[in-house]
Amino acid sequence: MRAVELKPGLYWVGGIDWDLRSFHGYLTPRGTTYNAYLIKDEKIVLVDTVKHYLFDEMLSRIKEVVDPAKIDYLVVNHVEMDHSGSVPKVMEVAPGAKVVTSPNGKKGLLRHYRREWDFMVVASGEELPIGRRTLKFVHTPMVHWPDSMVTYIPEEKVLLSNDAFGQHIASAERFDDGLGWDVVHEEAAKYYANIVLPYGEQVNKALDVVAQLPLEMIAPSHGLIWRTYLARILPVYRRWANHETERKALVIYDTMWGATKRIALALREGLEDAGVAVTVRCLQTCHISEIVPDVLVSKAILIGTPTLNNGMLPTVSAFLTYLRGLRPQKRVGFAFGSYGWGGQGAKEVRAAMEAMGWAVPLDVLNIQYAPDDAELASARAAGRRLAGVI
Ligand code: FEO
């Protein structure tokens, strides 16, 4: 396994998870990487590790550069086990290493691994000289866990950003330009929508810090390293953090006998008549983790369900549970559906939208059994009215 020299003395030594297809429920059709970085200076530093089953792959890359026993510092930017899973094994091969982490990082490592390693707990802004270079640590709590921090190397103008700016991509390429903007942006958006979306406020604080730093590379803990598209991804991250969207609509539905689908398509026609671009996702064919990237960019979110057993379909309920956790803000919602008697499903959807703090300016469109032509016309009209408020 070859280490990749990013800059003289700075190496990528991570692991490539070609086969990963689900990251705790988030579908990852392109696999992923766990990026670890090795800095060879007067001190030898390993920044982050890999998921436990890729330890040998990482170790062979480290061995290409240095004797692992010579590692002086192991920086743990984040305790989640895709990055810390090999810490115990690293500490076996480098027993003299100090474990450098945030206060919450130490707590998390103790809870997960129950080992009293030689911890060096660092404050936000603290610096660690390692010879020709300095490591500067900045806490970024909740991007993605309370322990998260980033490591900046001012002499190299490189930010080791951990989960921030990550993408789930397994590739022989290490840099963004190796696959091109479209792929890396698509996967960065999917990653942001599924992992980082709830933490926009904290991302904004991290971006404020990043804005002060001279930067040539952002090297995250998943996927490709940003260099060519650095100036493009930073303002995009700011827009995502601010919950800024485009004048687009996203229609999400499930259907039992096709009535809710017909209403969904009529709503789409109305929105399109009014010049709004519409994406349609059926929960029978699209996984929830593949729909939230559309949520990331869409101002209007329309969700439809039939009523089943006095409530929503379970697929719609599961999607709303996932969405509630991701906390997208500044959206305009619209609930619709079909029913035989009762009609609680669509009403529950509307209540869930209001509970998320969305504007829901139009009444629920709830149609009994199957829509007739007049009812489909009213659905198209509702689409046009919704277009008028986004
Ligand atoms: Fe890639 Fe929050 O771990």
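Q: How much space lies in the largest pocket?
A: About 370 Å³, in this predicted model.

Q: What makes this space a pocket and not a cavity?
A: A cavity is a set of points where a 1.4 Å probe fits but cannot get out, whereas a pocket is an open set. The space of about 370 Å³ is listed as a pocket, so its set of points is open.

Q: Which residues lie nearest the centre of the largest pocket?
A: His185, Ala189, Pro293, Leu296 and Val297, out of 19 lining residues. The elements giving two or more residues to this lining are α6 (181-196), α8 (230-241) and α10 (288-297).

Q: How do you know that the lining of the largest pocket draws on both domain 1 and domain 2?
A: Each of domain 1 (4-241) and domain 2 (249-387) supplies at least three residues to it.

Q: How many charged residues are in the lining of the largest pocket?
A: The lining has 10 charged residues, with 7 nonpolar and 2 polar. Asp, Glu, Lys and Arg count as charged, so the 10 come from these types.

Q: What is the make-up of the lining of the second largest pocket?
A: It has 8 nonpolar, 8 polar and no charged residues. Since Asp, Glu, Lys and Arg count as charged, none of these types is in the lining. Met256, Thr307, Tyr339, Gly340 and Trp341 lie nearest the centre.

Q: Which element gives the most to the lining of the largest cavity?
A: Helix α7 does, with 5 residues. The lining as a whole has 12 nonpolar, 2 polar and no charged residues.

Q: What makes β1 and β11 edge strands?
A: Each of β1 (4-7) and β11 (119-121) pairs on one side only. The open sheet has 7 strands in the order β1-β2-β7-β8-β9-β10-β11.

Q: How do you know that β9 and β10 pair?
A: Two strands pair if DSSP finds at least two bridges between them. Strands β9 (residues 73-76) and β10 (residues 98-101) have 4 bridges, so they qualify. Their sense is parallel. Leu74 stands opposite Val99 in β10.

Definitions and conventions: Residues numbered from 1 in each chain as written. Predicted model: local features only at pLDDT ≥ 70, side-chain atom pairs only at ≥ 80, totals over all residues. Heavy atoms only, no water. 1 Å grid on protein atoms, 1.4 Å probe; cavity = no way out; pocket = protein on both sides within 12 Å on 5 of 7 lines; lining within 4 Å. Points joined across faces, edges and corners; volume = space filled by probe spheres on them. Domains from an automatic or database assignment.
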